[in-house]
Amino acid sequence: MSRIHPTAVVDAGAVLGDGVEIGPWCVVGPGVSLAEDVRLVSHVVVQQDTSIGARTIVHPFSVIGGDPQHGGYKGEPVRLEIGSDNVIREHCTFNRGTPGDRKLTTVGSNGLFMTGAHVGHDAIVGDRVTMANHATLGGHSRVGDRVFLGGLCALHQFGRVGQGAIVGGLAAVTRDVIPYGSAWGNHAQLHGLNLIGLKRKGYDKTAIRRLLAAYRELFEGAGTFADRLDAVETAYADLPEIMEITAFIREDGKRPLCLPGA
């Protein structure tokens, strides 16, 4: 059974799973689906056409499923889908998609979105992502699994951050960040691999040394970048993380690549 505070306003067409809790002064609009045990603490707006996965908690003054902040949006049907077991803290804003792209914004599961985090229209956010206070994703951006985005950093529209990467606080990210990379500064530059993240994931010293060797050959070696990319793919074909990095680089991204010193 759902628990709805008497001051909350819930659209008649909203779908509420077992154990949903909707606190004081919340607004749940049309086309909204809240899975089992979702909790809206208080003063939360879930505007419309949004699904929120099981056990996700949304804290006060967040606006989830708001209209895309796009000058060409004219009210067309677009959606936001959020996975399970997320914690969305105060004043977060997650926008729905736009007709000109996927018509959909997607956020994975087990994420932590700290105060003021913003997920722009048509973004794709993976699982176990942490966005620190006021981190911002521009429209159409893509963020892989287990990414950490530091406070007040901003990812440019169409930007990509590969899985396992870390972006430092206050960074203006105008270039794509490779998987497992560590980027910081204004504008953000690549400063190596996310060693803390790799250690926390259980990589041993031998594995980390090989990843670092491949990184140095790719970004600091002799010859052209294209030749180094080919050579690293051949020499480290047994390392899935390096294959993921090279595939990320070869993908036709909309933004240039974040490089050391660039």
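Student: How many salt bridges does the rule give in this structure?

Tutor: Side chains of opposite charge can pair when their charged atoms come close. The rule counts a salt bridge when a side-chain nitrogen of Lys or Arg is within 4 Å of a carboxyl oxygen of Asp or Glu, and by this rule the count comes to twelve. This is a predicted model, in which local features need pLDDT of at least 70 and side-chain atom pairs count only at pLDDT 80 or more, while totals for chains, interfaces and linings use all residues. Residues are numbered from 1 along each chain as its sequence is written, and side-chain values use heavy atoms, with hydrogens and water left out.

Student: Which residues are linked in a network of salt bridges?

Tutor: The network links R142, R160, D176 and E251. Within it, the side chains of R142 and E251 meet at 2.9 Å, N to O, and this pair links distant parts of the chain, with R142 in strand β21 (residues 142-143) and E251 in the segment after α4 (240-250), 109 residues apart. Strands (E, at least two residues) and helices (H or I, at least four) are DSSP runs, numbered from the N terminus. R160 also forms a salt bridge with E251, the closest N and O atoms being 3.1 Å apart.

Student: Is R160 buried or exposed?

Tutor: Buried means under 20% relative accessible area, exposed over 50%, and partly exposed in between, using a 1.4 Å probe and protein chains only. R160 is buried, at 4%, whereas R142 is partly exposed at 38%, and E251 is partly exposed at 33%.
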